[in-house]
Amino acid sequence: MSDDERWIDAALALAGRGLGRTSPNPPVGCLIVKDGRVVGRGWTQPGGRPHAEAAALAQAAADARGATAYVTLEPCAHVSARGAACADLLVEAGLARVVVAMVDPDLRTAGKGIERLRATGVEVVVGIAEARAKAAIAGFLMRQAEGRPFVTLKLALSIDGRIAMADGSSRWITGDAARAHAHLLRARSDLIVVGRGTLEADDPALDVRLPGLEDRAPRAAVMSRSLAAIPAHLRLAARDPLLIDSPAAIDGLEAINDVLVEGGAGVAAAFLAADRVDRLVIYRAPIVIGAGQAGIGDIGLTDLAAAHGRWRPIESRTLGNDRLEVYERTR
């Protein structure tokens with residue numbers, strides 16, 4: 001791994017701090033390095049401003065002159081009422097070199113930031129750790145390309161694919177480590193969706209119960225074709241959740257890049273049947289339930305051959321006694 005790649009990886013770690021908080025902007029990280037030492041660091045702040053470059057430059061101050069900036073996404077080239085163009089800020093600060101992980105697909109920038117830097121004599125390197133940078137802002141890229149958010153379906157299952165006992169008992173299928181990881185997924189999402197059945201059976205809070213991240217609970221939504229309002233006695237009522245009637249209803253939501261679908265079997269099946277799931281996150285516990293409730297309902301599959309080739313495994317590891325499996329939709 002080159003020095004440039006190591007610094008971009010560090011900038012990507014910074015960018016991760018903004019996941020779930022920057023929409024509609026993407027979470028971006030920036031490091032300013034001079035003589036092998038970090039003199040400035042920044043990441044996109046809640047609501048999308050300040051941008052990562054502006055935050056890093058403010059910390060670096062005069063040390064930015066002659067330094068190298070490592071940015072996970074091309075510096076923006078457009079001026080808005082909320083702040084100056086980051087490409088201009090980098091030029092004004094006297095950066096000698098800028099390393100960019102990927103070009104911004106937003107047509108307001110889309111190469112213009114790189115051109116502006118090069119036009120003023122700044123050396124620009126593009127495409128370092130590009131695949132990892134794209135994965136880090138999958139929601140923003142999906143919004144740019146398809147006009148909809150990136151959807152993750154989370155399931156906590158037994159070995160035999162059950163989410164609960166036959167009587168609905170489900171606390172707890174998985175252990176502490178897997179549940180903590182699931183709460184981190186919540187903290188990195190803009191919207192969390194459950195079905196009416198889960199709402200009424202479990203009265204979920206859909207909050208984030210991780211030390212230091214309690215304020216990161218995403219906006220909540222309930223999918224139901226008939227529910228007119230959330231009953232006042234349920235905990236979600238205080239959160240003013242959205243009511244949606246179908247998976248397609250998330251497409252037009254503003255400032256939503258990343259959606260987490262948590263359950264139950266009906267809403268999971270609906271999102272899969274509508275081909276609105278981009279990533280599957282499965283926590284599989286080493287237990288067998290037998291005659292319990294299936295994790296996913298009918299998705300309308302009529303030909304087994306059609307089920308093959310749609311998902312590819314991208315991660316698998318242990319979390320305590322449980323197994324984490326992550327799959328991405330092949331498109």
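User: Leaving out residues up to four places away in sequence, which residues does valine 98 touch?

Analyst: This is a predicted model, and every contact discussed here is computed from it. Valine 98 is one of the residues with the most contacts inside the largest nonpolar core, which has 37 residues. Leaving out residues up to four places away in sequence, valine 98 touches Ala69, Val71, Leu90, Leu117, Val122, Glu123, Val124 and Val125.

User: How many residues does the second, separate core have?

Analyst: This second core is separate, and its members include Leu155, Ile250, Leu253 and Leu272. The number of residues in it is 24.

User: Are α2 and α3 roughly parallel or roughly antiparallel?

Analyst: The axes of these two helices come within 9 Å and cross at roughly 20°. Because angles under 35 degrees count as roughly parallel, α2 is, relative to α3, roughly parallel.

User: How many nonpolar, polar and charged residues are in the contact of α2 with α3?

Analyst: On the α2 side the residues are Glu53, Ala54 and Leu57, and they meet Cys86, Leu89, Leu90 and Ala93 in α3. Sorted by class, the contact of α2 with α3 has six nonpolar, no polar and one charged residues.

User: Which elements do the buried residues of α6 pack against?

Analyst: Helix α6 covers residues 138-146, and its buried residues are Ala138, Gly139, Phe140, Met142 and Arg143. The helix is followed by glycine 147, which has a positive phi near 70°. The elements that the buried residues of α6 pack against are α5 (130-136), β6 (150-157) and β11 (258-263).

User: Does aspartate 35 count as buried or exposed?

Analyst: Aspartate 35 lies in the loop between β1 and β2, and its phi is positive, at about 55°, although it is not a glycine. Its relative accessibility is 79%, and since the cut-off for exposed is over 50%, aspartate 35 counts as exposed.

User: What is the omega of the cis peptide bond that joins arginine 49 and proline 50?

Analyst: Proline 50 sits in the loop between β2 (37-43) and α2. The bond that joins arginine 49 to proline 50 is cis, and its omega is about -10°.

Terms used
Residues numbered from 1 in each chain as written. Predicted model: local features only at pLDDT ≥ 70, side-chain atom pairs only at ≥ 80, totals over all residues. Heavy atoms only, no water. Core = buried A, V, L, I, M, F, W, Y, C linked by side-chain atoms within 4.5 Å. Buried < 20%, exposed > 50% of the residue type's maximum accessible area, 1.4 Å probe, protein only. Contact = heavy atoms within 4.5 Å. Axes fitted to C-alpha atoms, helices over the stretch in contact; angles between N-to-C directions. Helix = DSSP H or I, 4+ residues; strand = E, 2+ residues; numbered from the N terminus. Parallel < 35°, antiparallel > 145°, perpendicular 65-115°, else oblique. Nonpolar A, V, L, I, M, F, W, Y, C, P; charged D, E, K, R; others polar.
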